[in-house]
Amino acid sequence: IMVTAGLNDPRVAYWEPAKWVARIREARTNKRALLLKVDMSSGHFSASDRYRHMRESSIEYAFVLKELGCVELLPFPFPE
């Protein structure tokens, strides 16, 4: 699971996803990836300019490819 949050989000405060991830980490029984990514400069709808939006999307796509076991498709080494 990759959970994203924005520091300046007027709808969902950043601590709500953080608390949710902490509860999942306490209760889970597997070792699958569970990431919390907090964007320090955006709000509810992520990045507003297109280049930052493309960067955010590429991070999400890289996470999905790693979880599917398709790391060889990534143009860079993915950290373990």
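Read along the sequence, this protein goes β-α-β-α. That makes two helices and two strands. Both are DSSP runs, numbered from the N terminus: helices are H or I with at least four residues, strands are E with at least two.

What you see is a predicted model, in which local features need pLDDT of at least 70 and side-chain atom pairs count only at pLDDT 80 or more, while totals for chains, interfaces and linings use all residues. Residues are numbered from 1 along each chain as its sequence is written, and side-chain values use heavy atoms, with hydrogens and water left out.

Confidence next. pLDDT is the predictor's confidence in each residue, on a scale from 0 to 100. The protein averages 83, and 88% of the residues score at least 70. Confidence is highest in helix 1, residues 15-27, with a mean of 94, and lowest in helix 2, residues 50-67, with a mean of 85. Where pLDDT is low, the predicted coordinates should not be read in detail.

Now the salt bridges. The rule is a side-chain nitrogen of Lys or Arg within 4 Å of a carboxyl oxygen of Asp or Glu. How many salt bridges does this rule give? It gives three.

Take Glu 67 and Arg 32, whose closest N and O atoms are 2.8 Å apart. For accessibility, buried means under 20% relative accessible area, exposed means over 50%, and partly exposed is in between, with a 1.4 Å probe and protein chains only. Glu 67, at 24%, is partly exposed, and Arg 32, at 47%, is partly exposed too.

Another salt bridge joins Glu 56 to Lys 37, with 2.6 Å between the closest N and O atoms. This pair links distant parts of the chain, with Glu 56 in helix 2 and Lys 37 in strand 2, 19 residues apart. Is Glu 56 buried or exposed? Glu 56 is buried, at 9% relative accessible area.

The remaining pair is Arg 52 with Asp 39, at 3.0 Å from N to O. Arg 52 sits in helix 2 and Asp 39 in strand 2, 13 residues apart. Arg 52 is partly exposed at 29%, whereas Asp 39 is buried at 9%.

On to the aromatic rings. Rings of Phe, Tyr and Trp (its six-membered ring) pair if their centres lie within 6.5 Å; planes under 30 degrees apart are stacked, over 60 edge-to-face, and the rest tilted. The whole structure has one such pair. The ring centres of Tyr 14 and Trp 15 are 5.3 Å apart and their planes are at 80°, so the pair is edge-to-face. Tyr 14 is partly exposed at 39%, and so is Trp 15 at 46%.

Leu 7 is in the loop between strand 1 (2-6) and helix 1, and is partly exposed at 33%.

Last, buried residues make up 21% of the 80 residues in the protein.
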